[in-house]
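Reader: Got a structure to go through. Can you take me over the charged pairs and the helix packing?

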Amino acid sequence: MDVAVIDTSTFVSAVMKADTAPRQVIRLCLDSQVRPLIGNALFAEYQDVLSREALFRRAPLSETERWQLLDAYLGVCRWVPIYYLWRPNLHDEADNHLVELALAGNASWIVTGNKTDLGSGELLFPGLQFVTATEFLRRRG
């Protein structure tokens, strides 16, 4: 089974639009075909973004449905404590936690809408791929 970190941008895109690659990635997670990882920082980020009502005014899911989706998603995530900070020195310091989570949980993928910034760190990890949801679906077949 693929192990992946699903960035907030991918989760939000799945909430915002039906029949998209991000929504398919979340479905794969909920169907136990992909094992998503979660840690403290990513959990807090999900909660923060999902609580922004203005962001979801045109979303097809209601506020209650968004929180139910998050609960279901968290139910299939593997919680990963992070004991060692790699600090890959990304352009956006707030994204370092995604790489650290992937490394701590032995993930092969970070699925994100922001792959350029995530792949720009000073530390390189050959076994870790930064991909969009569409690329992830295509590469896993």
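**Salt bridges and a helix pair**

Author: Arg52 is partly exposed, at a relative accessible area of 41%. Keep in mind that this is a predicted model.

Reader: Which residue forms a salt bridge with Arg52?

Author: Asp48 does, with the closest N and O atoms 2.5 Å apart. Asp48 is partly exposed too, its relative accessible area being 39%.

Reader: How many salt bridges does the count come to?

Author: Three salt bridges. One of them pairs Glu53 with Arg66, where the closest N and O atoms are 3.0 Å apart. Glu53 sits in the loop between α3 and α4 and Arg66 in helix α4, so this pair ties together parts 13 residues apart in sequence.

Reader: Arg66, buried or exposed?

Author: Arg66 counts as buried, at 2% relative accessibility. Glu53 is partly exposed, at 37%.

Reader: And what does Arg140 meet in a salt bridge?

Author: The side chain of Asp2, at 2.8 Å from N to O. Arg140 belongs to helix α7 and Asp2 to strand β1, so the bridge ties together parts that are 138 residues apart in sequence. Arg140 is partly exposed at 30%, and Asp2 is partly exposed at 21%.

Reader: Switching to helices. At roughly what angle do the axes of α1 and α2 cross?

Author: Roughly 105°, and the axes come within 7 Å. That angle makes α1 roughly perpendicular to α2.

Reader: Which residues meet there?

Author: From α1, Thr10, Phe11, Ser13, Ala14 and Val15; from α2, Pro22, Arg23 and Ile26. The residues of this contact divide into five nonpolar, two polar and one charged.

Notes:
Residues are numbered from 1 along each chain as its sequence is written. This is a predicted model: local features need pLDDT of at least 70, side-chain atom pairs count only at pLDDT 80 or more; totals for chains, interfaces and linings use all residues. Side-chain values use heavy atoms; hydrogens and water are left out. Axes are lines fitted to C-alpha atoms, for helices over the stretch in contact, and angles run from 0 to 180 degrees between N-to-C directions. Helices (H or I, at least four residues) and strands (E, at least two) are DSSP runs, numbered from the N terminus. Angles under 35 degrees count as roughly parallel, over 145 as roughly antiparallel, 65 to 115 as roughly perpendicular and the rest as oblique. Contact means heavy atoms within 4.5 Å. Ala, Val, Leu, Ile, Met, Phe, Trp, Tyr, Cys and Pro count as nonpolar, Asp, Glu, Lys and Arg as charged, and the others, Gly among them, as polar. A salt bridge is a side-chain nitrogen of Lys or Arg within 4 Å of a carboxyl oxygen of Asp or Glu. Buried means under 20% relative accessible area, exposed over 50%, partly exposed in between (1.4 Å probe, protein chains only).
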